[in-house]
Amino acid sequence: MIKINLQNSISSRIISGYGIIIFLGIITTVICVYNINKNKNIDREITEVIFPLSLALKDYSSISIESNRLINNWVYQPNKKEKTQLVNLVEKEYPIFQKKLNEITLNIDSDSLTKSINELNIIFNKIVSEQKNIIQKLQADSSYSNDIIVDDAIQSLETGILPSFVNFNQQIITTEFLQRKLLDEKKENKNSLTNWISIVFIGTLSLFLLIAITFSYYSINTILKPIQSLKQKLDYLAKGRFVEINIATSKDEIGTMTNSLSLLVKGLKAKAEFAEQIGDGNYESNIELLSDEDTLGEEIIKMKNNLKIASQNEQNRNWSNIGIAQIADILRSDFKSENLYPQIISFIVKYIGANQGGLFILNESENEEKKLLLKACYAYDRKKYLEKEILPGEGLVGQCYIEKQAIYLTDVPDEYINITSGLGSRNPNCILIVPLKINDIVHGIIEVASFDILEKYKLEFLEKISENIASGIASIINNEKTYLLLKESQEQAEILRSQEEEMKQNIEELSATQEEMSRKEKQLQSLLDEAQKKEETMTLMAYNHKEEVERIKAEVELLQLKLKRKNKQIEELSEKN
């Protein structure tokens with residue numbers, strides 16, 4: 001008795017069955033594609049050659065009829081318009097048509113039809129040649145008065161052209177017959193190919209069905225029934241119900257699948273227990289993998305680790321959100337910088353579990369050099385108010401201001417105290433310096449130091465709240481600036497009011513001075529007039545009162561100088577006002 005290894009026979013039977021089907025499918029496809037292509041070629045020849053040829057033959061017949069009519073009229077009933085039509089037909093239309101017909105003829109695979117078309121062309125070319133001869137003879141109107149020329153033309157028409165037209169019509173009939181015969185042959189070939197494709201398709205389909213029925217019957221008894229038993233157990237398993245599966249003794253694929261399913265159920269039970277422990281929050285539990293390829297087990301372990309990380313991250317997020325809310329309350333609680341700055345640094349140091357902290361604020365005065373001023377610091381639960389200034393670029397704090405990026409050091413050298421960092425005298429294990437910036441504008445720096453390494457989520461928390469703190473500080477600084485500007489504006493307004501009152505008094509005094517000077521000017525003018533009169537009188541009496549005249553002249557000159565001085569003072573006062 002021959003023993004068959006079922007483990008190989010199942011796969012070989014399946015491969016053999018599908019191989020036969022594929023082979024038959026390929027053969028059928030090749031045959032069908034070949035015949036379909038032949039069918040397409042026939043369709044293309046009918047569409048692109050035979051049908052256009054049929055139309056061309058009809059056009060050829062129409063051209064010959066029109067040509068016959070026009071040449072007869074040319075000879076017997078000359079008409080200028082019809083003469084023009086005949087010349088246009090012979091010299092333009094016919095050459096174009098003949099070129100088109102020749103192109104169609106080149107694609108015809110029937111020698112008899114091609115020969116018939118060539119004979120048509122020969123006959124009509126002869127007709128055209130005779131017509132050109134008659135056209136040349138009777139070109140001029142005076143030619144019709146010459147009986148010899150007319151008789152010669154009539155002779156050419158009756159003995160040459162008309163018989164040729166008869167031959168042409170007969171040849172047209174022959175050509176059309178051959179064309180229809182070729183069309184019928186092509187259609188018959190197409191129908192034969194179509195029938196052949198149908199026969200091949202139906203035969204192949206029948207063979208496929210026969211093979212499929214045989215293969216199915218054999219597979220049901222040897223493969224399907226054992227698989228149905230496994231399917232039922234898999235259905236239970238798919239619904240979440242664990243079933244007992246005995247170890248199979250057979251060595252075929254069914255036995256292998258049974259044993260694998262048994263191992264799978266065992267592994268799933270273990271994983272279910274493991275998942276239950278994870279659901280209870282026991283992230284320290286573990287599971288033994290079925291093999292190095294136990295993807296599900298690895299994924300469950302990854303899930304446990306991810307859940308553990310997610311739980312920790314959720315705690316960190318809650319911690320961060322609470323901190324953000326608390327710092328927001330601090331920023332809203334007090335609008336005075338001297339009270340707010342210590343609260344901010346104290347909260348940060350305590351909340352992240354650091355040991356020291358300092359808050360540096362940028363002085364934004366336009367009249368002073370930019371400096372980072374230590375506004376508040378916190379160390380070992382005691383406040384320290386220190387006077388400290390750091391220039392941009394100086395030390396770690398100054399460098400942080402220039403680069404506008406957080407600085408985090410965990411490898412702090414023993415000589416850290418020699419580094420101008422802005423913090424105390426002890427050497428911490430980590431330093432975090434964060435810029436307080438909004439829209440890339442730094443308003444201050446927070447520096448914290450810790451003897452314990454700060455976790456990543458604490459670093460992210462401090463960087464996250466830095467913008468909120470910067471916004472609060474910017475608001476406070478702007479409010480203080482606004483208050484100072486308002487106070488300064490009020491003081492300047494008071495000074496302007498005082499100056500305005502003083503200006504009014506000066507204007508009134510100047511007005512009074514101008515009136516007084518005007519009055520004095522009138523007095524001086526009166527004195528001057530009187531002096532002039534005296535001068536005239538004294539001139540008459542000069543020979544007796546010479547000394548008196550000189551005295552009076554001196555007084556007049558003195559009065560004139562005083563008048564000029566007063567006028568100059570009035571002009572200066574006017575220019576000042």
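Modeller: A salt bridge here is a side-chain nitrogen of Lys or Arg within 4 Å of a carboxyl oxygen of Asp or Glu. This is a predicted model: local features need pLDDT of at least 70, side-chain atom pairs count only at pLDDT 80 or more, and totals for chains, interfaces and linings use all residues. Residues are numbered from 1 along each chain as its sequence is written, and side-chain values use heavy atoms, without hydrogens and water.

Colleague: How many salt bridges does the rule give?

Modeller: Side chains of opposite charge can pair when their charged atoms come close. The count here is 5. One of them joins Lys371 and Glu389, with the closest N and O atoms 3.1 Å apart. Lys371 lies in the loop between strand S1 (356–362) and strand S2 (372–379), and Glu389 in strand S4 (residues 389–390). The pair links distant parts of the chain, 18 residues apart. Strands are DSSP runs (E, at least two residues) and helices likewise (H or I, at least four), numbered from the N terminus.

Colleague: How far apart are Lys456 and Glu460 in helix H9?

Modeller: They are 4 residues apart, so about one helical turn separates Lys456 from Glu460 in helix H9 (residues 456–540). Their side chains form a salt bridge at 4.0 Å, N to O.

Colleague: Is Lys458 buried or exposed?

Modeller: Buried means under 20% relative accessible area, exposed over 50%, partly exposed in between (1.4 Å probe, protein chains only). Lys458 is buried, at 14%. Its salt-bridge partner is Glu455, with the closest N and O atoms 3.5 Å apart. Glu455 is partly exposed, at 36%.
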